[in-house]
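Q: Hi! I'm new to this one, could you walk me through it?

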Amino acid sequence: MKQKAGTTKLILCIILLALLSSCTSKPKFKGKIGMTCMDLTNPFFKLIANLMQEEAAKYGYDIVALSGDQDPAKQNNQLSDFVAQSYDAIFLNPVDSKSAGEGVKKAYAAGIPVFTFDVQVTDEEANRLIISHIGSDNYQGGRLAGESMMKVTGDRGKIAIVNLPEVTSCILRVDGFKDYLKEHNSSLQIVTELSGKGNRNDAYAVTTDILQAHPAIVGIFAINDPSALGAYAAVKKANKLNQITLVGFDASPAGKQAVFEKKLYDSPQQFPRKMAKGTVQAFIKYLEGEDLPKNNFIRCAHYYYDDSVSDPGRVKEQW
Amino acid sequence: MVFVLIGLCLLFSVLTLKEQALESSRAIGQLVEQISKAYRKSDLVLTVGAFNKESVPFAKQLREELEKEGFSNTRMVVGIPRDLRLTLDDIKASGSEPAVIATSGDVIKWRVLERLGEKYPEFSGCEVLIPESYPWPDFLKRSNLLAIVDRIVVIAVIAIGMTMVIITGGIDLSVGSLIAVSAVIGTVVMKKLGGLAAADWVVLVGFIAGILSCGIIGGLGGFLVARFKVPPFITTLGIMLMGRGLAFMITGGFSIYQVPKALPWLGQGTSVGIPNTVIMLFFLYIIAHIFMSHTRLGRHIYAVGGNQEAARLSGVSVQYVIVFVYIISSLAAGLGGCIQASQLNTGTPNMGVMYELYVIAAVVVGGSSLSGGSGRILGTLIGVFVISVIQNGMNLLGIESYTQQVVLGLVILGAVLLDKARSSGALSGALSKKVRSVYRRRN
């Protein structure tokens with residue numbers, strides 16, 4: 001019995017110590033920020049959420065990261081909940097750039113500043129209410145992909161696009177890609193555009209079908225790395241690796257590795273780190289009363305084999 | 001199940017207890033008193049309000065009261081932190097110094113105010129005053145209770161139809177997709193009939209088009225189930241896939257946002273201070289309740305679910321009843337789609353994904369049996385509330401998305417288990433056994 005009391009005391013002491021140490025190391029708790037993105041099962045957004053949490057903690061803010069699960073109504077409800085809880089700010093990555101406007105208006109009416117990242121809100125009225133936006137320049141990234149595709153194919157032959165027409169940023173990538181080809185009078189012929197649903201499995205299936213219908217294509221542009229890798233698997237299965245070159249998008253770790261292994265020719269790079277930190281920084285600057293730019297577009301960059309050789313992030317990063 | 005709901009409400013009320021700013025008139029009186037005691041009438045007093053928050057009228061009123069008290073040198077800032085910074089810069093440039101900055105709770109977090117000493121060393125004598133606060137749960141704030149109703153309305157409307165389908169022993173998986181079909185068809189019709197500049201009646205035409213298209217689809221599904229005995233699960237699964245694809249086809253994958261100004265009225269507007277959605281829900285549930293418990297057709301629905309053969313032999317037109325419930329379910333889903341389009345002021349083809357499962361969960365939590373024959377409309381309403389209160393409460397508590405799904409699943413299972421145990425008497429049996437054993441031990 002006596003021993004038991006001793007153990008209890010010890011445990012209490014440890015808990016007390018832990019509490020004390022946690023009090024001293026952390027900055028004072030200031031408040032909560034609501035963050036909702038289109039899909040937290042996508043590692044890209046999971047990474048952004050984690051980085052945001054890390055960065056905001058430095059200033060004493062907690063980030064509540066929720067997933068819109070590709071459902072605009074669900075995300076709208078989440079925004080309502082943030083408003084009801086009167087959070088200090090909302091970081092929004094709209095599932096649907098049009099319907100998110102209503103939630104933004106609600107937040108504005110309640111005096112909560114909204115910052116968007118990655119995808120913009122396109123409802124004109126709501127867009128005026130946004131404090132600032134930070135995101136990749138997807139259109140410019142698409143142009144880079146177009147440039148690479150023209151270069152690697154020698155601007156001759158038929159190509160296919162594996163797209164994701166449900167998502168605005170991916171539509172912009174395809175637009176940039178096509179516009180680049182058009183402006184440079186490319187003789188590349190886009191024979192088909194089908195949805196790979198943004199993931200490996202579906203991209204594999206759809207590319208297999210593309211290869212059945214168009215066996216002579218020389219290149220495939222896939223709007224993100226999972227799609228590109230799915231497409232790669234299909235091309236490999238069909239023994240057409242020598243004939244077909246693949247261009248992805250994102251330069252995710254898996255994508256970087258694929259570029260390094262020469263599975264992909266190029267994967268225009270997005271910078272989730274800059275995006276996450278930039279959003280938190282925008283909020284802090286807002287609180288400091290500084291002037292903020294309305295839009296902050298991060299330009300994408302090519303990611304070729306030469307870039308991958310000396311890139312430490314290729315192995316180290318996880319998303 | 002009512003007790004589960006009440007328990008959840010209590011739980012979230014306790015968990016979301018937070019310091020809230022004092023009611024403004026009392027807080028203002030307090031601050032005015034404090035300031036007039038400590039400062040001279042000629043001192044510069046700055047009142048600050050954060051944009052669109054309660055602190056705006058607060059700052060205005062505070063300034064007026066101070067001026068009444070004889071403070072001649074007051075300034076007010078209303079807006080975002082940047083506005084305060086500009087004002088402070090301005091004061092600094094004019095060579096004066098604010099003696100006191102008075103504001104309510106939400107402004108105090110602005111870093112420009114927090115780091116006042118660092119950024120404006122010349123204002124070292126300036127004091128920042130805020131009123132006292134009191135504890136009140138976020139969950140019970142008026143704005144949050146309205147947010148809950150806002151989120152349940154679509155599911156609640158659809159759950160009426162689903163309850164009827166489930167009472168006949170069927171199931172309707174297509175409602176989620178039909179939300180999208182209705183919203184998309186409705187908004188496309190509105191767009192074609194003039195879009196942004198269209199008159200108010202166009203909205204009604206759009207709604208009717210959306211709801212009727214769903215009704216027709218539902219009628220076809222019901223016909224397959226009733227006439228050819230295709231299992232409802234398969235029939236509605238097929239419709240679910242077709243509906244979703246159709247919605248994407250109609251819009252080409254984009255959202256339809258060129259809609260008349262009157263569209264948000266249904267989902268966001270209010271009449272006599274009550275949200276229209278609440279009024280509509282109230283009447284729909286009253287009507288559905290009376291229909292199910294007091295009309296011949298309503299009783300027939302129970303009869304078909306209880307025992308189809310017996311119902312047929314006693315003269316119930318079984319096929320007619322089955323087609324009827326699927327039409328009602330689809331019409332309800334169509335109405336749900338219109339409400340959602342109105343809430344979001346857009347028609348989007350990915351609306352309502354997974355809603356069929358939430359609706360079915362709500363109906364089952366509400367006490368309907370999936371094997372048919374039993375269930376109550378008002379029970380369904382409670383089931384809907386249980387599910388949305390959990391979702392809302394978890395968001396308020398800031399629980400992570402992944403965890404939320406686990407908790408929601410567990411609560412649904414737990415609620416149904418509890419209900420089963422209660423209705424079959426297992427719970428009271430177990431309890432009385434326990435009591436008896438305790439009693440025996442005492443003796």
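Here is a chat about how the parts are arranged.

Q: What kind of model is this, and how are things numbered?
A: This is a predicted model, where local features need pLDDT of at least 70 and side-chain atom pairs count only at pLDDT 80 or more, while totals for chains, interfaces and linings use all residues. Residues are numbered from 1 along each chain as its sequence is written, and chains are lettered from A and ligands numbered from 1 in the order in which they are written.

Q: What does α3(A) pack with in chain B?
A: Helix α3 (residues 72-84) of chain A packs with helix α17 (residues 377-397) of chain B at about 55°, and their axes are 9 Å apart. That makes α3(A) oblique to α17(B). Axes are lines fitted to C-alpha atoms, for helices over the stretch in contact, and angles run from 0 to 180 degrees between N-to-C directions. Under 35 degrees counts as roughly parallel, over 145 as roughly antiparallel, 65 to 115 as roughly perpendicular, and the rest as oblique.

Q: Which residues meet there?
A: From α3(A) there are A:Gln78, A:Asp81 and A:Ala84, which meet B:Asn392, B:Asn395 and B:Leu396 in α17(B). They divide into 2 nonpolar, 3 polar and 1 charged.

Q: Switching to chain B: at what angle do α2(B) and α3(B) cross?
A: Helix α2 (residues 24-38) and helix α3 (residues 55-68) of chain B cross at roughly 45°, with axes that come within 10 Å. The contact involves B:Ser24, B:Ile28, B:Leu31, B:Val32 and B:Ile35 of α2(B), and B:Pro57, B:Phe58, B:Gln61, B:Leu62, B:Glu65 and B:Leu66 of α3(B).

Q: Okay, sheets now. What order do the strands of chain A take?
A: In chain A, 6 strands form an open sheet in the order β2-β1-β3-β4-β5-β10, with parallel pairing. Strands pair if DSSP finds at least two bridges between them. At the edges stand β2 and β10 (295-298) of chain A, each with a single partner strand, so one side of each is left without a neighbour in the sheet. On average, neighbouring strands are turned by 15° against each other, direction ignored.

Q: What lies across it?
A: Helix α11(A) lies across β3, β4, β5 (132-136) and β10 of chain A, and runs at about 170° to β5(A).

Q: Which way do the side chains of β4(B) point?
A: B:Val100 and B:Ala102 point one way from strand β4 (residues 100-103) of chain B, B:Ile101 and B:Thr103 point the other way, and all are buried. Buried means 20 or more other C-beta atoms within 10 Å of the residue's own, exposed means 12 or fewer, and partly exposed is in between, with C-beta atoms placed from the backbone.

Q: What does β4(B) pair with?
A: Strand β2 (residues 45-50) of chain B pairs with β4(B) in the parallel sense over 4 bridges, and B:Val45 has B:Val100 as its bridge partner. Strand β5 (residues 127-129) of chain B also pairs with β4(B) in the parallel sense, over 3 bridges.

Q: Last one: what is the phi of A:Asp118?
A: A:Asp118 has a positive phi of about 70°, although it is not a glycine. A:Asp118 is in the loop between β4 and α5 (124-129) of chain A, and is buried, with 25 other C-beta atoms within 10 Å.

Note on methods:
Helices (H or I, at least four residues) and strands (E, at least two) are DSSP runs, numbered from the N terminus. Two residues are in contact if their C-beta atoms, placed from the backbone, lie within 7 Å. Ala, Val, Leu, Ile, Met, Phe, Trp, Tyr, Cys and Pro count as nonpolar, Asp, Glu, Lys and Arg as charged, and the others, Gly among them, as polar.
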